[in-house]
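This briefing covers selected contacts in the structure shown below. It begins with one residue and its neighbours and then turns to the interfaces.

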Amino acid sequence: MAADAAAQLYQAFVDQDPAEAIQVVERMRASGVAQDALFDVLYAPAMGLLGGSWASGAIDEITFTQAAVVAEQVGSFVMPPAATRDTGVTIVLGTIHRDQHSIGRTIVAATLKEAGYRVNDLGIDVRPADFVERVGETGARIVIVFAETMRAARSVASIRDMFVAEGVTGVVLLVSGGPFAADGGLAREVGANGVVTGAEPAIRIVSRVARDLAGGGAED
Amino acid sequence: MAGRSKTIIAAEALARQGQVGAAVHACYDALALGDQGAHVHALLASMMLEGDFYDEAIAEATSAIEADPDCSPAYLALGMAYDRRGGMWDQSVLVWHELAEVVPDLVTAHVQLGEAFAAAAYSEEAVESWRRALELDPREARATYNLAIASLKREGMALALPLFRQAGELDPSQDELFFALLGLTDAPIITVDPARVKPTREARLGAAGLALKADDLFSAAELVRAVLDEQPDDSEALALAAYAYLKQEAANEAMACALRAVSLKPDLAIALYCLGVVYARRTGLKRHAARVFIALAKKAPAHALVHVLLAESLLALQRYEQAGKAYRTAVRLDPACVRARFGLAATYLTEGRHAEASWEIRRAAYYDTKRQRLFWRLYDEYTAGGEES
Amino acid sequence: MTKPVDPKVTGPIRNALFPVGVDLYPLDDEHASFDDWYARDLTPDLTAMAAANFSLVRVFVSWKLFEPQVGQYNDDAEDRLGEVLAAIRGYDLKAIVTFFADDRFAEMNDVTWARKRDPRTDDYLIQREVSLIQRVVNRYRTDPAIWAWELGNEAFFTGFESEESLQKWTGALREAVREVDTARAIMLGVDTETLVRETGVDATEAIDGFEYAVSHVTAPYLSYIAEGPLTYGPATYLDSFLLRCGLRTLPVIADGIGVHSLEGSVAEEAAYVRTVLFSALMNRGSGVMLRRWRDMDAEKREPYFRDPYEVLVGLTDTGGESKPVLDEVRRFTRVAAHIDLRHHLPVPERAAVLIPAERHEPLPSLAGLYTPRSCLQSYIAAKEAHLPVTLVREGAPLDDTMVLFIPSVGKLTPSMWIRLAAFVQSGGSVVLSYGGGDTDPAIREIFGVEFLGDHGVRPVVSCRVAQPGLLGDLVAFDARFELPHYALVGGGSATVVATDATGSPLLTLNQYGQGRAVFIAAPLERAIAQSDPWAAPEPIRHFLRTVYGAVACAVGAGPVIDCDDPAVEIALFQAEDSDVVLVISHDMAPRTATLAADRVVASVTDVRGGPAAKVGAKSFGVPLGPNGAAAIRLAYGG
C-alpha cells in the first residue's frame, strides 16, 4: 500500500496537483501511519521516484522543477513534528540568592523547555522564599537550584528547610553548579536529591524524576 | 615608507616565506645597524606571534607603538598577542578599540574587540562589536559564530543553532568537503568545455566535478545529463546533480536526486552529503539529518567537517554529549576548523565547562586570524604610505 | 591554644618528609592598609589548617612595617610576628618566614626612607636588610615553630637584572642568617626555570647555596608553555615538569600550587590541585605549598585586570568558608601520611629528557623559546609511556641515565656530542629528533645516517612501518599536521624502521658500540608544542610514546608497573615488604586503568586502610574518576 501511495504522490507532483498530493497524504494518515513516519514511508520514496524519472528523461527539466514546487507545498504535511510534545511536568528553577551567574541556568532552562517541560525560570539572585512561593503557585514538584559560589551553594539548604517548615512535601530538589560538581557530598548536605551536571543530563534526570513522581515515588 | 634598509627588506622576504628564525635574525641585524623604525619592531612582533611567543610579541609591538603611535600593524600584533596569551582582556579591549578607530574597515578588529569584551563579561558591548563586523562584512563567519554562542548563553540552543548553521553556510570549508569527498581537493579551478570532454562516463563525471568546482553549473549539468542519458541509474551522476541543485538553492530537486542516488548506492559519500545538507536545513528533519550524517561519518571518517555536520545534527536533537564527541573528533582531525571549535565551545557551555569553552573560542580565533594574514595587509599599507588615519 | 584532636581520625595524619603547607598572606582585603599586616584574628584559619593536617604555614615579614625609619624598629610589629608564630606553634604547625616578598598589596618592601633605591642592588639598603634579618632571626632562632627562613619570592626576584647581582644579594643575606642561625634551613623563593624565562637571569648557582629549592608555576610561564585547560593535556604535567627541572642536588618543594586564572569553576580548581599535589609526591617533591589560604577580598575591577604576580584565589573564600579544593588537600595529606618515605623509595629514573644548553641563548636565537616547550612535550611522551623519567641539563652527569631523549634540538655543544658518543658506546640509548638546520657530523657516526638536507615545511605527517615490532607496536598513519622541518637522510648503517609515504626515512635505529641510537627525522615534539598541544593528532602522540617506551624497555629502563592508558601516570614506591603505587589520571573522562606488574600481585589495599582486595594475578584494574587519583599498597605473592 505504501508503495502505491508513494507512486500516487509522485504522480500528483508530476501532474502539478497539490490538492491530490494532499489527499494522498491524508489517506495514508487515515490508514494509521503516524505523522513522524509519513516522511519515510511516503514522501521520501515519492521524491526518489521523481529523481529517477528526471534522470531517465521521463520528465523534462521544467516538469521536474514544477513538480519540486508541489513537493515543497506538500512538505509540511509530512514533516515529523518539530516541537516536542508537552510532558505536562512543571519545573521551577533559578539561581540562588546572592549569586549572579546565569549562563548554566539559561541553557538548562532552554533545553528543558525544548524537551517539552513547563519551565518557570525565576532568574538570578532568587530568595529561597520565592522558590517556595512559586512551587505553591504552580504545583511544581521539581525544583532546580543553581549556584556557582561556595557560599551560595551552602545557602541552598535553606530552601529545603523552608519546604519542611511550610509542610511542603513531595518536592524533588535538584542542584547544579561548580561547587556541587566538585563535592558530591555538598548536594546531600544541603538536602538536595540530585545534581544536574549539564543540559543533557538535566533532561535525563528530570525525565527519571518525573517518571518516579508519576509512579508515586516522591522523595523528601 | 621611504628608505627601508636592505636588511629589513630581506627580513620581510624571509618572514613572508615563513622562515621565522632567519627573519628574526635579520631584524636584529637591522636594529644593530641603526634601523630602529616602528616597522622593524612591528615585524619582529609578528614573527614572535608566529612562534606563539606572546610576551616577546607584546614587548616588540609596544616598542613599535612607542616609536610610532599610528603603527597599525603593531596594534594588530599587540592585540593578537594579548588575545592569544589570555588573561589580558582589559588591554586587549583598548588595543582593538584603538585599531578599529585607526582602520575602521578592518573587520577582524571588531570581531576581536567583541571577543575581548565577551571575555571581560561585557556581553552587550561584545554583541554590538560583532554586529558592526557583520555590517562591514556579512560573510564574516566568526562574528556569526560568536553571536551564536552569545545567543546560546542568553536563550539556549534552539535559537543558537540557526546561527551556527548560518555561519556554517558562509564557511567555504563546507564546499571544500564535497570536493574532498569527490577526490578533487587539490584539483585546480579550470574552465571546462563539455564539447571537448571525452565521451566516457569517467571523463564526463570528472569534468563535471571540475566544472562544479569552478562554479560552472551549466557545464556541469550538461555533462551530468550526458551520463544519465546513457545510464539513468548512475548514482554518482545523480549525486553531482544533487549538489548542483543545492548550489542553486533548489532544495527539493536536490533532495529528489540525492534520494534516488542513495536508493541506488546507500553508502555513496557525495550523495549522503547532499542529502544530509538538505535534511539539515529543515527543522523537522533533524533526526533524518543525524542518520544520514552518521552514515557519512562511517563512510568518510577522515574528514573533519563530516563530524562537524554530524555534531550539528546531534545538537538539534539535544544530544549534546554525543555532539561534543563528534566535535572533538573534528578538532583532532583539523585543529584549525573554526566551526568545530565554536561547536565544541557550545557543547562545553551546556556542561558548565566555561573555561574550556573560552579556550575553544580562543583557539578558533587563533587559527582564523592566522589564516587571514592580516598583518601583511596592514604592514604593506603602513610601509607604502605611512599611517592609516 | 592547642589544636583540637579529632577522635575519628586514626593513623598518621602528616608526612614529615612531605610537608603540606600554605601561604598565609598578611592582608586579605585589598582596601586594607600595609599596617593591617596580620592584624586580624588568625585562630579560625589556623584551626582549619590544623584540621586539614597542614604542616607548614608561610608568613611574610613586612620590612616597611618593621623598620619604619632607618634603624628604628617597630616593637609592635615584632610582637605581632611573635604572636603569629606562637599561634602557629600552638597548632602544631611550623612556619616558613619569608623576608622581602612582594605580594602587590601589603607594600612589604616599600620602605619610605629608601627613596626609590633598589633593595636588590643598593649596598646601603642591603646593609639594612642584613640588619633586619639578623634582628628577626636572632629573636626567633630557638623557636621550634620556625621550619625555614626564606629570602624573597618570585615577584621580588624578577627585579634582578644579572646573575652577579643576584648572587651578591643572596650571598650577603644568607651569610646574615647563618651568622645567627647555623642550623635552620634557608630557601630562596624562586624557580630557576621560570625566572630565566621571565628575566634571562639564571638563579641556579645562587640557589645551590641554600638548603631547599622550589618549583613554581607562574602565570606568565603557564601562559608561555601550556596555555589551555587545566584539567587535561599539557597543563596537568607542567608542575611536575618544573619540579623535575629544579631537581639537582637539593630537595625541591612544589610551591605556589593553585589556579592562576579566575575563569574556571571550583570543580576545575579542585581537580587541578588534586593533580598537582599527587604529581609532586610522585615526582620526588619534598613537600608542597599551596598558593594562598584565604581569597583576597579584591575590588571589582572594570574592566577586569589582574597582575600576573597577584595571588587572589585561596583555599577558603573571603569569609573563611572552605572550598572543595581544601577537601582535596585534606584527602591528599591523609594519603601522603600513609606512605613511609623513609622506607618506600621511588623507582630510580633511568630515562631522562635532555634540556640543551641552547635553551639559554638570548634572542635573536629562537632556541630559548622553542626548547622548553619541546622538552615539555618530550616529558609528556615519556610519561605517557609510563617511564620513570627525569630532566637533565646538557653538561650534567649522565651516570644514572640509561636512556636519553633529545627533543627537536637545533644544536648541541661539541663536548656534548663527545659525551653522547661515549654514553651510547658504553650501553646507553638515545632518541634524538631533528630540530632543523645543519646537523653535526657526529650524527653520521652515532646515528648511522647521512644527512642530505632539510626538506622544510610539510603539511602532513605520514608514517609507513618498514620493520614492524622493532621499536614497539608502530602503526601506519597519515595525519594532517604541520612540520617545520624534515630531515632527508640516506645511506648509512642505520636500520630504517619507518618512513614517510614516499619512502624517506622517518625513524632509524643504529647499533653504536653497546648502545642504540634512534633518529627521528622530524621535530615532532616541537611541532606538537608549536601547533595545538591539546589537539595533537593521536597517531603522532602514539608514535612518540611507542618509540620512547620501546627504547627504554629494551635497556631495562621501562616501567616496573605498566599501564594500558597513556593518560594515566604511575609512580611506584618500593620497599622490602610491600610496594605502593600512586596513580593519577591526566584527563577528565572517568576510566579504569589496568596496571600490570612483572610479578603476581596477591592483593591491593588503599594506603589509608581498609580491606584488601584479592587480585591473584599480575594485572588489576584501578577505577579513576575525572582527574582521579589513587594510592594503592601492593602485596605480592602467588
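Leaving aside residues up to four places away in sequence, Asp334(B) touches Ala304(B) and Arg480(C). The model is predicted.

**Asp334(B)**

- Asp334(B) sits in the loop that links helix 19 (320-333) and helix 20 (338-350) of chain B.
- Asp334(B) counts as buried because its relative accessibility is 14%, and the cut-off for buried is under 20%.
- The side chain of Asp334(B) forms a salt bridge with that of Arg480(C), at 3.6 Å from N to O.
- His303(B) is 31 residues from Asp334(B) in sequence, and their C-alpha atoms are 8.3 Å apart.

**Chain B against chain C**

- Chain B brings 35 residues to the contact and chain C brings 33 residues.
- The two chains bury about 2,900 Å² between them, with 51% of this area on carbon and sulfur atoms.
- Of the area that chain B buries against chain C, 21% comes from Phe53(B), Arg332(B) and Trp359(B), more than from any other three residues.
- There are 6 salt bridges between chain B and chain C.
- The interface of chain B and chain C also has 11 residue pairs in polar contact, both residues being at pLDDT 80 or more.
- Seven elements of chain B, namely helix 2 (20-32), helix 4 (54-67), helix 5, helix 6 (89-102), helix 19, helix 20 and helix 21 (354-372), each supply at least two residues of the side that touches chain C.
- Helix 21 of chain B gives the most to this side, with 8 residues.
- The side of chain B that touches chain C is made up of 15 nonpolar, 6 polar and 14 charged residues.

**Domain 1 against domain 2 within chain B**

- The contact between them involves 8 residues of domain 1 and 4 residues of domain 2.
- About 480 Å² is buried between domain 1 and domain 2 of chain B, and carbon and sulfur atoms give 38% of it.
- The interface of these domains has 0 salt bridges, while 6 residue pairs are in polar contact across it, both residues at pLDDT 80 or more.
- Helix 5 (residues 72-85) of chain B provides the largest share of the domain 1 side, 4 residues.
- By class, the domain 1 side that touches domain 2 has 2 nonpolar, 1 polar and 5 charged residues.

Technical notes: Residues are numbered from 1 along each chain as its sequence is written. Chains are lettered from A and ligands numbered from 1 in the order in which they are written. This is a predicted model: local features need pLDDT of at least 70, side-chain atom pairs count only at pLDDT 80 or more; totals for chains, interfaces and linings use all residues. Side-chain values use heavy atoms; hydrogens and water are left out. Contact means heavy atoms within 4.5 Å. Buried area is the accessible area (1.4 Å probe) that two parts lose on being put together, summed over both. A salt bridge is a side-chain nitrogen of Lys or Arg within 4 Å of a carboxyl oxygen of Asp or Glu. A polar contact is a pair of N or O atoms within 3.5 Å; within protein, one must be able to donate a hydrogen and the other to accept it, and residues adjacent in sequence count only if both atoms are side-chain atoms. Ala, Val, Leu, Ile, Met, Phe, Trp, Tyr, Cys and Pro count as nonpolar, Asp, Glu, Lys and Arg as charged, and the others, Gly among them, as polar. Buried means under 20% relative accessible area, exposed over 50%, partly exposed in between (1.4 Å probe, protein chains only).
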